[in-house]
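Please take a moment to look over the sequence and the 3D structure shown here before reading on. The paragraphs that follow go through the helices, the cavities and the nonpolar cores in turn.

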Amino acid sequence: MKRFEKTPAQQRAIELLQSPARHILLFGGSRSGKTFILIYALLVRALKAPGSRHAILRFHGNGARYAVGFDTLPKVVRLAFPDLRIEYIKSDNFFRLPNASEIWLGGLDADERADRILGREFATIYFNECSEIPYSGITTALTRLAQNTTLRNRAYYDCNPAGKSHWSYKLFVEKIEPENRLPLKHPENYACMLMNPADNQANLPPGYIEETLGSLSRRQQQRFMEGIWLDDINSGLWNYAMIDRNRLSGALPELQRIVIGVDPAVTASSASDQTGIVAAGRDEHNRFYVLADHTMHGTPLQWANAVRDLFYRFNADRVVGEVNQGGDLIAMALHNAAPELPFKAVRALRGKYLRAEPIAALYEANRVHHVGIFPELEDQMCSYQPGSQKSPDRLDALVWALTELSGGNANSRLILA
């Protein structure tokens, strides 16, 4: 078994985690070792205080369970604590350590918040991928950072940095309250540190930085390779503040219609675009809600199956998809995967900017709400500039879905299965 050794960046992170600060954010590029070292620190705290309780939270509980609880956490135990035996209590979704300490996994969306968070107190709360968590979810969870143990109660955070209008930048970099922009009363309680893939190169597969991250757009490289907080593009149709001010964190109203927008990739090669897959709905007051972004690389059968699953998850009314490049590929793929799905094909007879303008106007009028945070989709929206880049897949799927819901006419025709 490979012996666990902290990288120099992880060692500096440990020193920061032992500082007087109560809230600590590790931000930076993809696979830089942030999650690993935060779980390591959380386990050390759990072992120091018998009977203590700790939480690892994401926006959706499934993400915490599968990405962290069933992947990274066992890996940290195997490499750094090889003699430690932990027990997973499936009924309540937590790990029990030999000293009776517990590590809970949970979500902060409306369905899970009351059950998983409000009913217990914790000595540590770790917000994993916090760029995807609305600030209201953070503040709710922090009310449960109240267990009385020998430990100083702490909150850990990590993320690939989003835009500078995101609450995490305001809180940890600008040291202001995200909701009212007033200076923090105790700024010394908030500390952050940059960690990038280059800091963790010894633990990465060959070519990950140069080939995988190097193939991203410049803006994506800044975020996922260099860990840079991104500026809004003033000449774009959207900005992060426009999206964030109408983000929904409470209960979702009853929706009158739900559609799945699809922007299909022509091929399934790794060099091709992804297939954009976005679910959106409309309520009785003609307000719109972006529900999910399941954009993916895959064969036509794979993405058609993903569309089908999303359709039934939300009990949608229709799938709307662009047929310009792939001809009737999308109709054939969906017919093979789920011939019962109602499908409407749309052809882009106008330029993307002209198609997107009416949708951006809905955002400006405060009529579109994102149900949660969708970092990749929102990055495409806020970085899109006509003529300067290839067609954004997630953005196209969003535009088709909201155009259908808002009654826009995109010169579409209906294809019956």
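A residue is called buried when its relative accessible area is under 20%, and exposed when that value is over 50%. With this cut-off in hand, and keeping in mind that the model is a predicted one, we can turn to helix α13, which is mostly covered, since 8 of its 9 residues are buried. The buried residues of α13 are P375, L377, E378, D379, Q380, M381, C382 and S383.

Helix α14, which runs over residues 393-405, can be examined in the same manner. How many of the residues of α14 are buried? The count is 13 of 13, so this helix is largely enclosed by the rest of the structure. Its length can also be checked, because at 1.5 Å a residue the 13 residues of α14 should span 18 Å, and the C-alpha atoms at its ends are 19 Å apart, which agrees. Just after α14, the residue G407 takes a positive phi of about 80 degrees.

A search of the whole structure finds 2 cavities of 30 Å³ or more, and the largest cavity holds about 120 Å³ of space. Which residues lie nearest the centre of this largest cavity? They are A162, G163, H166, Y240 and E378, which belong to a lining of 14 residues. Both α9 (240-244) and α13 (375-383) supply at least two residues of that lining, and the largest share, 3 residues, comes from α13. Sorted by class, the lining has 5 nonpolar, 4 polar and 5 charged residues.

The last topic is the nonpolar cores. The largest nonpolar core has 35 residues, and those with the most contacts inside it are L26, I39, L43, I56 and I103. Two or more residues of this core are given by each of the elements α1 (8-17), β1 (23-27), α2 (34-48), α3 (61-80), β5 (102-107) and β8 (190-194), while α2 gives the most, with 9 residues.

Note on methods
Residues numbered from 1 in each chain as written. Predicted model: local features only at pLDDT ≥ 70, side-chain atom pairs only at ≥ 80, totals over all residues. Heavy atoms only, no water. 1 Å grid on protein atoms, 1.4 Å probe; cavity = no way out; pocket = protein on both sides within 12 Å on 5 of 7 lines; lining within 4 Å. Points joined across faces, edges and corners; volume = space filled by probe spheres on them. Helix = DSSP H or I, 4+ residues; strand = E, 2+ residues; numbered from the N terminus. Nonpolar A, V, L, I, M, F, W, Y, C, P; charged D, E, K, R; others polar. Core = buried A, V, L, I, M, F, W, Y, C linked by side-chain atoms within 4.5 Å. Buried < 20%, exposed > 50% of the residue type's maximum accessible area, 1.4 Å probe, protein only. Expected span 1.5 Å × (residues − 1).
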